[in-house]
Amino acid sequence: MSEKLKIKLSIADRVYPLTIDPAQEEGLRKAAKNIEQLAKKFEQSYAVRDKQDVLAMCALQFASKIEQRGIDQSQGSQEAVQRLQALDRLVTEKLGTK
């Protein structure tokens, strides 16, 4: 079992102390950096000053990207299944005629 790592992440002018597995550190730091960058963008673009509103907008942005990726993958999977079924029909037809 690996040692836990204690880190502090700053998000929206607040510091969050966390105890994590070392393998999680890079991902958490990148996520915190992305949240900070998006929050600043929202504050500048929309003149939003309430940190709770900014963080809610960030959460919505990130969640919608995840959901859209899932939708896109699902559609891609459906297309792949349809192509495989068409290919299967062609192969079956060709094998059946011989």
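Residues are numbered from 1 along each chain as its sequence is written, and side-chain values use heavy atoms, with hydrogens and water left out. Because the model is predicted, local features need pLDDT of at least 70 and side-chain atom pairs count only at pLDDT 80 or more, while totals for chains, interfaces and linings use all residues.

Start by selecting Lys-6, which lies in strand S1, residues 5-11. Strands (E, at least two residues) and helices (H or I, at least four) are DSSP runs, numbered from the N terminus. Lys-6 has a relative accessible area of 72% and is exposed. The classes used here are buried (under 20% relative accessible area), exposed (over 50%) and partly exposed (in between), with a 1.4 Å probe and protein chains only.

Keep Lys-6 selected and show its contacts, meaning heavy atoms within 4.5 Å. Neighbours within four places in sequence aside, Lys-6 touches Leu-18 and Thr-19.

Next, turn to the salt bridges, each a side-chain nitrogen of Lys or Arg within 4 Å of a carboxyl oxygen of Asp or Glu. The count is 5 by this rule.

Select Asp-21 and Lys-4, whose side chains form a salt bridge at 2.8 Å, N to O. This pair joins distant parts of the chain, 17 residues apart: Asp-21 sits in the loop between strand S2 (14-20) and helix H1 (25-46), and Lys-4 in the segment before S1. Asp-21 is partly exposed, at 29% relative accessibility.

Glu-26 is exposed, with a relative accessible area of 52%.

Finish at Glu-43, also found in helix H1. Is Glu-43 buried or exposed? At 15% relative accessibility, Glu-43 counts as buried. Its side chain forms a salt bridge with that of Lys-51 at 2.7 Å, N to O, and Lys-51 is partly exposed at 29% relative accessible area. With neighbours within four places in sequence left aside, the contacts of Glu-43 are Val-48, Arg-49, Lys-51 and Val-54.
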